[in-house]
Structures are given as C-alpha cells and as structure tokens.
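This briefing is meant to be read with the sequence and the coordinates open side by side. It begins with a pair of rings and then widens to individual residues and the chain as a whole.

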Amino acid sequence: MTHGVTNQILAENAQEIARTFASIHMPNEFELKVDGGALAIVRRKTGGKVELDQMSTGQRAAFALSLFLAMNGRLHSGPPVLLFDDPVAHVD
C-alpha cells in the first residue's frame, strides 16, 4: 500500500479512530487529528505532533486497536462477532 493510500484511509477513518482511541487510552495524553489530509497524533499538553515511536508500547497498542476497530466497523461483509484475548492488557 502506498503512503498516499495509507494517509487517505487513516484520514477517512480519523473520527472513529480518535473516538475509540480516546475511550481506551488513559490518561488521554494524546489527541488524534486530521492535518493536511493525514492523521496526526498530537500531545494535548503542548499541541506538538508525535510520531508512533515517541509513544509508549501501551499507547501504540491503543492506537493499533483503535485503527483495527474503526476499519473493521466499515466492512460490509466482516465477521458479526470479534473475540479478543485481553486486547488492552498493556494499554497505559
């Protein structure tokens, strides 16, 4: 998948990704925003953009789970039930 297509998919799903991320990531240090057609991770305290490698493992896990759930929710022929084995075990 090209970088442009990836950004398009993230931007199209940004609101749902951000909503899910905010509900599972505490203490809610980051906010997800669409910036210039791309999804950006922003530190609430400073307003500065953050790269995934600047987040903790738990924060990255919360982001990945949010991305998966948002994209799975858009499937027309996806599975009716998803089973997870402690998906937030290492989420901060």
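Phe-21 and Phe-63 are both buried, and in this predicted model the two residues form an edge-to-face aromatic pair, with 6.4 Å from centre to centre and 75 degrees between the planes. The pair links distant parts of the chain, since Phe-21 belongs to helix H2 (residues 14-24) and Phe-63 to helix H3 (residues 57-73), 42 residues apart.

**Aromatic pairs**

**Around Phe-84, in the segment after H3**

- Phe-84, which is placed in the segment after H3, touches Leu-65, Phe-68 and Leu-69 when residues up to four places away in sequence are left out of account.
- Between Phe-84 and Leu-69, which are 15 residues apart in sequence, the C-alpha to C-alpha distance is 11 Å, although the two residues touch.

- The C-alpha atom of Gln-59 is separated by 8.7 Å from that of Met-26, a residue 33 positions away along the chain.
- Asn-72 also has its place in helix H3, and a relative accessibility of 17% puts Asn-72 among the buried residues.
- Which residues does Asn-72 touch, not counting those up to four places away in sequence? The residues in question are Pro-79 and Leu-82.

**Glu-16 in helix H2**

- Glu-16 lies in helix H2 and is partly exposed, with 32% as its relative accessible area.
- Glu-16 and Asp-35 are 19 residues apart along the chain, and their C-alpha atoms are separated by 15 Å.

**The chain as a whole**

- The chain contains three helices and three strands, and, read from the N terminus on, its elements follow the order α-α-β-β-β-α.
- What does the radius of gyration say about the overall form of the chain? A compact globule of 92 residues would have a value near 12 Å, and the 13 Å of the chain agrees with this.
- Taken along the principal axes, the box filled by the C-alpha atoms has dimensions of roughly 40 × 30 × 20 Å.
- Of the contacts with a separation of 6 or more, 44% are between residues 24 or more positions apart.

**Surface and charge**

- Of the 92 residues, 28% count as buried, and the accessible surface of the chain amounts to about 6100 Å², with 55% of that area belonging to carbon and sulfur atoms.
- The side chains include 8 positive and 10 negative ones, and a distance of 6 Å lies between the centres of these two sets.

Note on methods. Residues numbered from 1 in each chain as written. Predicted model: local features only at pLDDT ≥ 70, side-chain atom pairs only at ≥ 80, totals over all residues. Heavy atoms only, no water. Helix = DSSP H or I, 4+ residues; strand = E, 2+ residues; numbered from the N terminus. Rg over C-alpha atoms; globule rule 2.2 N^0.38 Å. Buried < 20%, exposed > 50% of the residue type's maximum accessible area, 1.4 Å probe, protein only. Contact = heavy atoms within 4.5 Å. Areas by Shrake-Rupley, 256 points an atom, 1.4 Å probe, with all protein chains shown as cover. Lys, Arg positive; Asp, Glu negative; His and termini not counted. Charge placed at Lys NZ, Arg CZ, Asp CG, Glu CD. Phe/Tyr/Trp six-rings, centres within 6.5 Å; stacked < 30°, edge-to-face > 60°.
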